[in-house]
Amino acid sequence: MPVTCVIGLQWGDEAKGKLVDLLTEQNDIVVRYQGGATAGHTVVRDGQTYKLSLVPSGIFRPEVQCVIATGVVLNPASFLGEIDGLMQRGVAVGKNLMISDRAHVIFPWHFEEDRLLDQQCAGGEAIGTTMRGIGPCYRDKVGRSLAIRLGDMYRPDFHSRVEQIVRVKNELFGSFGGGGMKLDAQEVFNQYDAYAQRLAPYVADTTAYLLDAAERGKRMLFEGAQGSLLDIDHGTFPFVTSSNSSGVGVSAGSGVPGRYITKVIGIVKAYTTRVGGGPFPTEQDNQIGKHVRKRGNEYGTVTRRPRRCGWFDAVAARYTARLGGVDVLAVMLLDVLSELRELRVCTAYELDGRRITDFPSHVDDLRRVVPVYETLPGWGKEISGVGRLDDLPANARKYLDRISELLRRPVEIVSVGPDRRQTIFA
Ligand code: GDP
Ligand code: IMO
Ligand code: MG
């Protein structure tokens, strides 16, 4: 039975939400396995727009089991707000959603640490995190001694754990010249104990559930959050998120061994965007970038920050397609390029006078590369109503063919608008 992964190959926001929602029809289970509530996945159904942060994009089909697996970090307030918002809009949320008791929980101290510590990074540039406590929560997970998992909130020592951690964190904040906050352990406990009661119906051993499902041949879909270039190990470190957001994170985050995965869909925009700091070789900080931002509505789903926009970078996307073991490509937001007379695709980089096609491992090198572009003609007409590949203008097909050739994978899905119907299956 098919086990499919949808992995963003750029810096996130490749329209994973739309694609996963479409593919849920063919699946029994949809799984989020890494990241936190920073990820904003947009789903448009019946003219209504939903913005999901942590809830898997399978939630709109009640027969689909949605799973938030172990590798995710959970912000209880934001999660409960998200499901309340969905229920208010008539979306069924109950037994169809489960969260791992092994998932780590984001506490108020994590927000404060995000604020205090993101101020400077490599070369004095900030990472530009979403300030949602994601990185600090993962740091405590790896550090172990100051971490609390969802299952721990139902144990008798939860209160004393909070007291102990608050003591340490207050000392840490005090060392920031008095600029940090002072936490009250009892207040934090009361707040999180109340969350624990509300979360209880959703908490489960998702690893056992998913392993059973894999062994019984259930159809599963793994929904990646963020993009591969934000991967903590393989992305543009340190300007990354704190989890394995490339395909390599599926097994670690869900507990399902890689041998069950039968198909990996690499999802890209027809151009490139990035939110936050860090190098971006094909960035167009000019009229082209402005045009793409306006036409593509390129503003953060959660934070509303303007996204940086640029040309399609085939060096970066080929690297991440290989890294994720991608079988086929989904090219999204192709319609956004329709008004441009000429399009550029980056096919190589020049670094210190040398031409390279491998993605540099150090951000300092990535900062210095000069993109080598190939120019392709635009198609000069709207395509958002096109339903078949053959009906796309010849130049749009040429553009897709070139992306496919450069990434060495077939294009299986093309998206020409936010709605489910604006999708072409090749
Ligand atoms: P995700 O984080 O990967 O799920 O992507 P986001 O939801 O953050 O950003 C994608 C945005 O593009 C959303 O506003 C979608 O509604 C929109 N979108 C998805 N597919 C298309 C498309 O083919 N064309 C256009 N114009 N917009 C699209
Ligand atoms: P989706 O899933 C785009 C970026 C932030 C910042 C860096 C680290 O919608 O594609 P963090 O708060 O995770 O410590 O921030 O990662 N970032 C995203 N960029 N889309 C996302 O999610 C992102 N999630 C985090 O802007 O540069
Ligand atoms: Mg997003």
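Predicted model: local features only at pLDDT ≥ 70, side-chain atom pairs only at ≥ 80, totals over all residues.
Residues are numbered from 1 along each chain as its sequence is written, while chains are lettered from A and ligands numbered from 1 in the order in which they are written. Local features need pLDDT of at least 70, side-chain atom pairs count only at pLDDT 80 or more, totals for chains, interfaces and linings use all residues, and side-chain values use heavy atoms, with hydrogens and water left out.

**View 1. The residues around ligand 2.** Here you can find 20 residues around ligand 2, of which D13, T130, Q226, T241 and R305 come nearest; a residue is near if one of its heavy atoms lies within 4 Å. This shell has seven nonpolar, 10 polar and three charged residues. Ala, Val, Leu, Ile, Met, Phe, Trp, Tyr, Cys and Pro count as nonpolar, Asp, Glu, Lys and Arg as charged, and the others, Gly among them, as polar.

**View 2. Polar contacts of ligand 2.** Look for pairs of N or O atoms within 3.5 Å. A polar side-chain atom of T130 lies 2.4 Å from an oxygen atom of ligand 2, and a side-chain N or O atom of R305 is 2.7 Å from a ligand 2 oxygen. I127 takes part through a backbone N or O atom, 3.4 Å from an oxygen atom of the ligand. The protein covers 97% of the 550 Å² of accessible area that ligand 2 has on its own (Shrake-Rupley method, 1.4 Å probe).

**View 3. The largest pocket.** Ligand 2 takes up the space of this pocket, meaning that more than half of its atoms lie within 2 Å of the grid points. A pocket is an open set of points on a 1 Å grid over the protein atoms alone, where a 1.4 Å probe fits, with protein on both sides within 12 Å along at least five of seven lines; lining residues have an atom within 4 Å of a point. The volume is about 820 Å³. Among the 44 lining residues, I127, T129, T130, V240 and T241 are closest to the centre. Helix α4 gives the most to the lining, with seven residues.

**View 4. The second largest pocket.** This pocket holds about 590 Å³ of space. Its lining has 29 residues, with A15, T42, G296, L333 and P418 closest to the centre. Strand β3 provides the largest share, four residues. By class, the lining divides into eight nonpolar, 10 polar and 11 charged residues.

Key. Polar contact = N/O pair within 3.5 Å; in protein donor to acceptor, adjacent residues only side chain to side chain. Points joined across faces, edges and corners; volume = space filled by probe spheres on them. Helix = DSSP H or I, 4+ residues; strand = E, 2+ residues; numbered from the N terminus.
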